Amino acid sequence: MNYQSIILPHIWNLKPYSSARDEFKGKEGVFLDANENPLGSPLSENWNRYPDPMQWEIKEELSAIKQIPVNQIFIGNGSDEAIDLIIRMTCEGPANSIILCPPTYGMYEVSASINHVTIIDVPLTQEYQLNVDHVLSSVQENTRIIFICSPNNPTGNKINRNDIYQIIEKFQQGFVIIDEAYIDFSDEPSFITELNKFPNVIVMQTLSKAYGLASLRLGMAFAHPQIIQILNKIKPPYNIGGATQALVLEALKNRDFLFNSIQQINHAKNTLISELEAMPQVIRIFPSQANFILVKMEKAQELFDYLISQQVITRNRSNVALCENSIRITIGLPEENQVLVQKIQEFYF
């Protein structure tokens with residue numbers, strides 16, 4: 001694929017900032033190169049040295065877990081950093097456009113708006129699937145990105161894989177971004193396994209959900225090595241702090257937690273769905289392959305306000321297109337889910 005025709009010329013030709021840790025990668029020595037404080041830090045652990053700018057240890061661990069070479073892994077400050085960088089490397093203000101398929105994750109639109117990029121909305125169907133013909137007919141000469149979230153947020157469902165294939169195969173003038181933030185809870189295989197077939201695909205994932213590391217803010221993008229090279233060139237030099245790197249590396253080595261986390265959350269989700277389905281005021285619970293459910297309910301706004309008053313915090317999605325009268329409920333601990341069910345029953349009965 002001719003990536004140079006997609007990447008903006010000034011990005012393609014950019015000379016990246018070279019940090020002190022780019023020039024010397026060892027861990028031992030007399031470090032007098034980076035203007036750090038040699039006295040350590042006021043904390044119990046010393047964080048006075050700059051971290052690895054390319055996060056090689058984490059990438060090596062991820063490479064073993066994801067079965068993908070390290071040169072196809074980008075690590076960002078949450079997936080949001082990857083979203084922003086991908087837009088900035090391909091889109092030059094309103095001269096370029098991206099396609100979004102709402103309802104979907106809101107940061108695609110926010111990042112595009114910040115970068116003053118034209119947004120083309122192609123709503124999902126009533127069943128929250130891609131309108132493939134409409135997506136493809138909406139592609140303009142200057143369109144550079146199509147965002148697809150699967151499993152989708154806020155709806156929770158997986159997007160039909162054959163529909164995604166159609167878009168990947170027919171949209172060759174830019175990138176198809178497949179956001180797999182919730183893939184660990186899904187029975188669908190990751191598109192990471194097919195990157196070698198699709199050079200125009202960038203897959204995003206996160207450690208915020210199944211790994212339980214939301215506070216550490218670490219997201220990943222997987223793509224052709226040439227694209228990863230560009231992303232690393234335009235990111236801030238030390239975008240992932242040393243403390244985050246140390247904690248993430250420790251977490252990634254605990255494979256049992258991930259397996260148990262997925263099992264327990266999926267079991268709790270099925271239990272909660274069964275209890276909510278027994279309520280006549282629940283109109284529909286949409287299929288979910290994520291760690292949350294979208295529930296269409298009678299008096300959704302009033303219920304949401306009541307739950308807030310009872311310190312049970314859900315997410316009101318009623319003002320989102322195609323999600324009228326719907327509340328998004330994250331799956332909590334079994335006892336937390338029981339409190340939710342009890343408060344909903346109190347409200348309705």
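Trainee: Is Gln 4 buried, partly exposed or exposed?
Mentor: Partly exposed, with a relative accessible area of 46%. Bear in mind that this is a predicted model.

Trainee: Where does Gln 4 lie?
Mentor: Gln 4 sits in the segment before α1, and α1 covers 9-12.

Trainee: How many residues separate Gln 4 and Ser 215 in sequence, and how far apart are they in space?
Mentor: They are 211 residues apart in sequence, and 36 Å apart from C-alpha to C-alpha.

Trainee: And His 10, where is that?
Mentor: His 10 is in helix α1. Its relative accessible area is 47%, so His 10 is partly exposed. From His 10 to Ile 159 there are 149 residues in sequence and 35 Å in space, C-alpha to C-alpha.

Trainee: Switching to annotations. Which residue does UniProt list as N6-(pyridoxal phosphate)lysine?
Mentor: The UniProt record, an unreviewed entry, lists Lys 209 for that modified residue.

Trainee: Buried, exposed or partly exposed?
Mentor: Lys 209 counts as partly exposed because its relative accessibility is 28%, and the buried class needs a value under 20%.

Trainee: What is Lys 209 in contact with, leaving aside neighbours within four places in sequence?
Mentor: Ala 181, Tyr 182 and Phe 185.

Trainee: Which residues does UniProt list for the aminotransferase domain?
Mentor: Residues 45-344, under "domain: Aminotransferase class I/classII large", again from an unreviewed entry. In the model that span is 38% helix and 17% strand, and its end C-alpha atoms lie 46 Å apart.

Trainee: Let's look at Asn 48. Where is its place?
Mentor: Asn 48 is in the loop between α2 (20-23) and α3 (56-66). With a relative accessible area of 18%, Asn 48 is buried.

Trainee: What lies 2.8 Å from a polar atom of the Asn 48 side chain?
Mentor: The backbone oxygen of Asn 37.

Trainee: Which residues does Asn 48 touch, not counting those up to four places away in sequence?
Mentor: Glu 36, Asn 37, Pro 38 and Gly 40.

Trainee: On to α3. Which of its residues are buried?
Mentor: Ile 58, Lys 59, Glu 61, Leu 62, Ser 63 and Lys 66 are buried in α3.

Trainee: What do those buried residues pack against?
Mentor: They pack against the strands β1 (73-76), β6 and β7, and against the helices α8, α9 (242-252) and α10 (255-277).

Trainee: Which residue follows α3?
Mentor: Gln 67, with a positive phi near 60 degrees. Gln 67 lies in the loop between α3 and β1, and at 68% relative accessibility it counts as exposed.

Trainee: Where does Gln 311 lie?
Mentor: In the loop between α11 (300-309) and β10 (315-316). Gln 311 is exposed, with a relative accessible area of 72%.

Trainee: What about peptide bonds? Which bond is cis with omega near 0 degrees?
Mentor: The one from Pro 102 to Pro 103. Pro 103 is in the loop between β2 (97-100) and α5 (107-114). The bond from Ser 150 to Pro 151 is cis too, with omega near -5 degrees. Pro 151 is in the loop between β4 (143-149) and α7 (161-170).

Trainee: Last topic, helix packing. At roughly what angle do the axes of α4 and α8 cross?
Mentor: Roughly 100 degrees, and the axes come within 10 Å. That makes α4 roughly perpendicular to α8, as angles of 65 to 115 degrees are placed in that class. The helices cover residues 78-90 for α4 and 225-234 for α8.

Trainee: Which residues meet there?
Mentor: From α4, Leu 85, Ile 86 and Met 89; from α8, Ile 227, Ile 230, Leu 231 and Ile 234.

Definitions and conventions: Residues are numbered from 1 along each chain as its sequence is written. This is a predicted model: local features need pLDDT of at least 70, side-chain atom pairs count only at pLDDT 80 or more; totals for chains, interfaces and linings use all residues. Side-chain values use heavy atoms; hydrogens and water are left out. Axes are lines fitted to C-alpha atoms, for helices over the stretch in contact, and angles run from 0 to 180 degrees between N-to-C directions. Helices (H or I, at least four residues) and strands (E, at least two) are DSSP runs, numbered from the N terminus. Angles under 35 degrees count as roughly parallel, over 145 as roughly antiparallel, 65 to 115 as roughly perpendicular and the rest as oblique. Contact means heavy atoms within 4.5 Å. UniProt positions are given in the numbering used here, feature names are shortened, and annotations may be inferred rather than shown by experiment. Buried means under 20% relative accessible area, exposed over 50%, partly exposed in between (1.4 Å probe, protein chains only). A polar contact is a pair of N or O atoms within 3.5 Å; within protein, one must be able to donate a hydrogen and the other to accept it, and residues adjacent in sequence count only if both atoms are side-chain atoms.
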